[in-house]
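This report describes a structural model for a reader who meets it for the first time. The sequence and the coordinates are shown below, and the description follows them.

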Amino acid sequence: MSGFRPPVAVVGAGLAGLVAARMLHQRGIPVVVYEAGRHVAGLARSFRDRDGFTHDFGAHFITNRLAAALGIGRYCRDVRRYGEAVLLRGKAYSYPFGLLRTPRFLLGALAGRVGQRRRSPPASAAEWYRREYGTRLAEEVAIPLVESWSGAPATALAPSVVPPQVDRGTAHVLRLKLASRLTGRAVANGYSREKPESPHVWHVYPEGSLGFVCEKLAGDLAGLIRLESPVQAILVEDGRAKGVRVAGQDQEVSAVFSTAPVHVLAKLVQGTQALSPLARFRYRPMALINMRFTGRGLLPDVVTWTPERDLPFFRITEAPLSMPWLAPEGKTMLTVDIGCEVGDPVWSMADEALGALCLEGLETVVPGIRRRYLGCGVLRTPVAHPVFLREYEAERLMLEAGLPVSGLHSIGRNGEFAHILMEDVYWRTLRKVHQLAAAL
Amino acid sequence: MTVTAPDASPSSPPEGNGPTSSVGGVPLVLLPSRCFVCNDDDAEPVAVGQDFDCSSSPETFLAVRCRRCGLVYLNPAPAPSELEPTHLLGRDLGREIARFCQRLGDSARILHVRGVEDLDHPRNAYDAVLLTNVLERVDDPLSALKATKQLLQPDGLALIITPNTEATVCRVFQGRHWSGYNFPRHRNLFCAQVLGQAARMAGLEIVSVRTGGAAEAWVLSVRNTMTDWRLPHWALATLNRTWGAALMAGKAIEWWQQLRGKGGLLLTTLRRPAE
């Protein structure tokens with residue numbers, strides 16, 4: 001016996017890839033991380049512009065629990081507050097209780113619940129919302145939002161677009177909100193599904209942006225990360241992952257952990273047709289317009305949802321309300337989210353034109369906001385989140401159970417085709433890799 | 001050998017151990033750790049905490065519970081050399097120790113171990129060894145237990161006193177403020193079952209396991225909560241002023257919890273088997 005053990009290849013140096021690689025490395029399993037980009041952290045990176053505004057790409061914060069697990073607590077600042085509002089016909093409702101204080105929404109929601117048990121499971125997201133929230137709340141708020149978010153009609157979306165809520169009674173939500181008030185910390189509320197939420201788990205912002213989280217993980221993997229090394233193919237023989245092709249060279253591997261979006265993974269895999277159903281899975285592209293303004297507190301809350309169909313956007317985030325350090329004093333930044341398709345007019349529009357389009361819409365939300373405008377920067381991502389279409393729901397459930405190729409595992413937000421947030425990505429990846437590492 | 005009785009004056013609040021540890025403002029090196037019983041890191045997070053005694057420390061810590069055996073440990077944990085040994089003795093221990101020593105008789109040779117350096121004594125020399133608030137602090141509890149075994153004569157007894165992770169006070173303050181965590185000084189925290197398992201691994205027999213009262217744990221946990229939630233200064237001052245009364249209340253609760261087997265301290269008597 002030669003004693004040579006081919007390494008495990010990890011595709012992608014984002015949070016999930018680095019967590020998986022570190023865990024394997026700690027167990028003495030040889031590992032190589034291939035990253036197509038010039039940096040680790042993928043979508044989690046952010047940067048500070050000349051005027052002192054911080055632009056985050058995707059997630060803004062993590063929890064103190066994740067920070068402690070990574071040993072970076074001392075580099076994190078507490079997020080003081082977090083709240084969401086829904087803007088409907090010029091009126092702001094706090095979410096969720098403000099909406100439920102409105103009699104027509106409350107009555108609809110109660111009526112929707114009557115006799116629910118006897119019915120068969122809902123066939124679509126539209127049906128799910130109507131049953132759970134009542135017709136009015138569903139049609140005026142939930143359905144327009146999920147359609148803008150997904151870019152597909154709610155009748156074509158599977159109910160799984162709504163993640164199962166664990167331990168989310170009204171009393172629990174109220175308790176966490178109260179704890180947030182009492183402690184002056186943004187207690188995580190509806191953010192973590194993998195681990196229980198409690199008054200002791202709140203949002204923190206890592207100093208020097210979220211990219212820092214990944215850099216910390218990468219620090220434990222010195223010499224094992226290949227940057228600017230896109231994986232061109234994953235080679236499968238006899239139903240088993242045997243190698244990866246990088247820069248035209250085939251490398252022998254003992255297993256592959258992929259964080260690539262599953263429709264990309266389907267195209268990377270050679271030597272089997274087993275993954276071809278994944279090729280039609282869709283992710284929603286998104287343009288995130290970071291708009292700079294004078295003033296602070298322009299919006300009713302940190303996140304404002306805008307279900308009105310005549311607005312070009314469906315969500316506006318005023319992150320400096322919860323994290324003042326993201327903008328210089330006396331100024332603020334609104335991040336406006338517009339769902340789009342790669343190559344469509346929004347995707348191809350020049351940044352300033354996109355800014356002008358948003359400004360027009362914002363003027364109806366915050367009259368006079370035009371005078372405060374200082375300019376914008378635009379970030380575009382082709383894979384903001386998965387689109388849960390009914391047409392491939394059966395295949396998605398199969399993916400949840402694991403890929404049909406032995407030694408090939410799909411992990412992380414894109415790899416699992418799941419709308420999971422930072423902390424959940426961490427715990428899910430740990431759990432998954434822990435189970436699999438025993439067999440490696 | 002005589003045993004020095006711990007200071008048992010309960011009327012004043014204890015100071016934080018800031019000056020004796022390196023936690024203060026100095027950054028710690030935190031390293032991944034694993035359950036020393038199972039040699040695995042498959043665990044559930046149970047508490048995120050800070051060094052409440054020296055609130056200037058910016059570090060946060062994660063206590064996790066091993067999915068296999070139930071040991072609660074820090075992961076990541078400070079590098080072994082990071083923390084100076086501390087010699088704090090809880091005030092609830094005095095009576096327990098006196099009772100244990102009384103039973104052994106006047107002629108017994110008893111060693112009271114309060115830190116890992118105290119384990120460096122002649123082998124096979126003691127009738128009894130006391131480990132009070134030691135096992136939760138040491139880098140390697142298994143080695144400490146093995147060293148304890150070697151200090152004992154065959155049939156010698158060891159009394160291990162350590163915070164109890166199945167105590168009511170732990171359950172109430174579990175998520176963050178339980179004084180038993182004492183972030184980051186307590187690396188490993190035990191329930192009866194895990195301690196028994198670790199003792200057997202070290203070649204010691206279990207004679208008895210029971211729980212003892214830890215009145216102070218209630219008051220300290222309340223104080224941790226108040227400090228952490230930045231309650232007004234007068235609230236903390238009031239607690240400090242009425243420390244004695246608060247301890248009495250803690251005693252009353254612990255008296256009841258002890259009867260239920262849920263007291264704040266775990267008292268485990270072990271024996272070195274006769275060869």
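## A sheet in chain B

Tyr73(B) stands opposite Asn188(B), a residue of strand 9 of chain B. The model is a predicted one, in which local features need pLDDT of at least 70 and side-chain atom pairs count only at pLDDT 80 or more, while totals for chains, interfaces and linings use all residues. Residues are numbered from 1 along each chain as its sequence is written, and chains are lettered from A and ligands numbered from 1 in the order in which they are written.

Strands here are DSSP runs of E with at least two residues, and helices are runs of H or I with at least four residues, both numbered from the N terminus. Strand 4 and strand 9 of chain B run antiparallel and are joined by two bridges; two strands pair if DSSP finds at least two bridges between them. They belong to an open sheet of four strands in the order 2-3-4-9 of chain B, with antiparallel pairing. Strand 2 and strand 9 of chain B are the edge strands, each pairing on one side only.

Strand 2 and strand 3 of chain B pair in the antiparallel sense over six bridges. Within this pair, Ala47(B) has Ala63(B) in strand 3 of chain B as its bridge partner. Six of the seven residues of strand 2 of chain B are buried, so this strand is largely enclosed by the rest of the structure. A residue counts as buried if 20 or more other C-beta atoms lie within 10 Å of its own, as exposed if 12 or fewer do, and as partly exposed in between, with C-beta atoms placed from the backbone.

## The contact between the chains

Chain B gives 15 residues to the contact and chain A gives 16 residues. Two residues are in contact if their C-beta atoms, placed from the backbone, lie within 7 Å. On the side of chain B that touches chain A, the elements that give two or more residues are strand 2 (43-49) and strand 3 (61-66) of chain B. This side of chain B has ten nonpolar, two polar and three charged residues. In this classification Ala, Val, Leu, Ile, Met, Phe, Trp, Tyr, Cys and Pro are nonpolar, Asp, Glu, Lys and Arg are charged, and the others, Gly among them, are polar.

## Backbone features in loops

Although Asn182(B) is not a glycine, its phi is positive, about 40°. Asn182(B) has 23 C-beta neighbours inside 10 Å and therefore counts as buried.

In chain A, Glu228(A) has a positive phi near 50° and is likewise a residue other than glycine. Glu228(A) is found in the loop between strand 10 (225-226) and strand 11 (231-237) of chain A. With 11 C-beta neighbours inside 10 Å, Glu228(A) counts as exposed.

## Chain A as a whole

Chain A contains 14 helices and 21 strands. Its radius of gyration is 22 Å, close to the 22 Å that the globule rule gives for 440 residues, so chain A is as compact as a globular protein of that length. The radius is taken over C-alpha atoms, and the rule is 2.2 Å times the number of residues to the power 0.38. The C-alpha trace of chain A spans about 75 × 60 × 45 Å along its principal axes. Of the 440 residues of chain A, 49% count as buried.

Chain A is divided into domain 1 (8-43 + 211-281 + 388-437) and domain 2 (47-61 + 283-387), with bounds that come from an automatic or database domain assignment. The centres of these two domains of chain A, taken over C-alpha atoms, are separated by 31 Å. Ten residues of domain 1 of chain A are in contact with nine residues of domain 2 of chain A. On the side of domain 1 that touches domain 2 in chain A, eight residues are nonpolar, two are polar and none is charged.
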